[in-house]
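Visitor: I'm new to looking at protein models. Could you take me through one part of this one slowly, and then show me what else is around?

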Amino acid sequence: MSKLSEALERKGFVVTGEIGPPKGTNIEKALEDAEHLRGKVVAINVTDIQSAVMRFGSLATCHMLVDRGLEPVFQMVCRDRNRLALQSDLLSAYVLGIRNVLCLTGDHNVLGDHPDSKPVFDLEAAGLLQCVEALRSGRDMAGKELDGKPDFFAGAVVAPAAEPVEPQIIRMEQKIKAGAKFFQTQAVYDVDQFARFMKRVSGLGVPVLCGIVLLKSAGMAKFMNNNVSGVNVPKRLIDRLAADKDKAKSGETAVEIAVETINGVKGLCQGVHIMPLGWDHLVPQIIERVGLT
Amino acid sequence: MLVTERKPDDEILASVARDSKLFLVGCNGCHAACESRGAEDLPALKTLLEGAGKTVTGWFTVDFLCDKSLVRSRLRVFTPEIMDADSVLVATCGVGIQCVADSVVKRTRPACNTINIGGSHGTWGSTERCAECGDCLLDRTGGICPITNCSKSMVNGPCGGTTGDGKCEVDRKRDCGWYRIYTRLKDMNALDQLREVTPPKKYGKYLPPYEVMRSEHWAVDPALPAADPAPPGAAVPAGGPRGKGRPK
């Protein structure tokens, strides 16, 4: 049974974290990052060839977390595997103790470090959610009966800061129809904008974990505004990061902004999903400062 | 020069389930030139629809639906009949269907699947493209093809990569296909369509049977053996010509 599912059912404020596997075989840093999150978060997402930059696998990392008594959320993108491989990996994941799967379409190959690779996109996020639903029901996508079925807790993503937001909300409804049981959002920095979004989707009845990405510098914030769709870092936060470079570098500003955002969204949604991008050691103090320990 | 096949009757009837009045458009171009079978029978389509209790407000065929100026001038004559209809059912290739969709403010529905286009996108002087996927989705997408307009060819969308000005993050000059679909459906008050989940694509239909890759058009190439011509009016075998070869 998924601990994440149980925690969301208890209706408390749920915190999830995230680690990214390395480019190479030295997995120790990613596992250390996960150790910082132990006891602080309900589950830890493991990114799947994030940003289309080739790296160590999500499935293997999730398995290593299970071995260490940590609850992973297996992120799965549709860019690199067709429906045969996706279904096969889902079956493997379940047997390896993985219970949560986050279904994503995936960034396009040309945005990553292997732009000449062949994009697959046999399915997209909604199709992958349907695929998980089919497997849960004991049949594969071709309708063939399975010998043993995986009871996954499947989630999806949504970008509350996208403009216009209506296509995102319609897509969210579609993903719910396809089987999404929870949502983790793209990074949120503007609490008022997020409140407007939540007002429109709260009737859908599916828990939303607000995305918190730690801001490491003014440059990173500007880069996200220019290059990451659906992310909007307000100018006042960029100015704050630029005003005191040492404070930004130490992570103190990132922590402050995260704490303010979490406090701002606490009454609006069912939890937060913190994406520390390698600054996982800062997560315990964020959780402590927002009073969630 | 392209090859189309009529969609199965039940798929056509399902797509027009909520429409009571339809306008039909057909194309004689590639049908006449290279045995494309999908567009040849508007009367049969009319009979099918009327048998299901629908009204056909009017219909016309044109020699090449991919000829922009011809299509628009011919469509204009039928403005009252088109506007009186709930949707326009088009029996031709993916390019022709998108050309009609781009020319009328009406739900435009495909009556055919495009199997093979042989490298030709007709004479349409615009950006509409058909990927010859053999399983036309234009009915669900406001007549804008997500296979050729979305950089990921997503059958449900948009992904999270749409920029604020409706472009694709893969190429900021390129329109996000799904943003265009969203806008088109919104204009037609048909956004509910986007809430439906389109099932995964049947990629098995992508691979055209060798027989249909060659047409009369290419058969003039002396290096190729002559294609077996289908007898005029020959029926497509059940399930279409795929894997079974052309009717002898």
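**A helix pair in chain B**

Guide: Happy to! In this predicted model, let's begin where helix 4 (residues 68-77) of chain B packs with helix 6 (residues 94-103) of chain B, at an angle of about 50° and with their axes 10 Å apart. An angle between 35 and 65 degrees is neither roughly parallel nor roughly perpendicular, so helix 4 of chain B is oblique to helix 6 of chain B. The crossing of these two helices is right-handed.

Which residues make the contact? Helix 4 of chain B brings Lys68(B), Val71(B), Arg72(B) and Leu75(B), while helix 6 of chain B brings Cys99(B), Val100(B) and Ser103(B).

Now step over to where the chains meet. Here 24 residues of chain B are in contact with 28 residues of chain A. On chain B's side, the elements giving two or more residues are helix 8 (177-187) and helix 9 (192-195). That side of chain B divides into twelve nonpolar, nine polar and three charged residues.

Across in chain A, you'll find a closed barrel of eight strands, running 1-2-3-4-5-6-7-8 with parallel pairing. Neighbouring strands are turned by 30° against each other on average, ignoring direction. Strand 1 (residues 14-19) of chain A pairs with strand 8 (residues 271-275) of chain A in the parallel sense, over three bridges. Look there for Thr16(A), which stands opposite His273(A) in strand 8 of chain A. Finally, helix 3 (residues 58-67) of chain A packs on the sheet, touching strand 2 (43-46) and strand 3 (72-77) of chain A. The direction of helix 3 of chain A makes about 175° with that of strand 3 of chain A.

Conventions. Residues are numbered from 1 along each chain as its sequence is written. Chains are lettered from A and ligands numbered from 1 in the order in which they are written. This is a predicted model: local features need pLDDT of at least 70, side-chain atom pairs count only at pLDDT 80 or more; totals for chains, interfaces and linings use all residues. Two residues are in contact if their C-beta atoms, placed from the backbone, lie within 7 Å. Helices (H or I, at least four residues) and strands (E, at least two) are DSSP runs, numbered from the N terminus. Ala, Val, Leu, Ile, Met, Phe, Trp, Tyr, Cys and Pro count as nonpolar, Asp, Glu, Lys and Arg as charged, and the others, Gly among them, as polar. Two strands pair if DSSP finds at least two bridges between them. Axes are lines fitted to C-alpha atoms, for helices over the stretch in contact, and angles run from 0 to 180 degrees between N-to-C directions. Angles under 35 degrees count as roughly parallel, over 145 as roughly antiparallel, 65 to 115 as roughly perpendicular and the rest as oblique. A crossing is left-handed if the near helix is turned anticlockwise from the far one by less than a right angle, and right-handed if clockwise.
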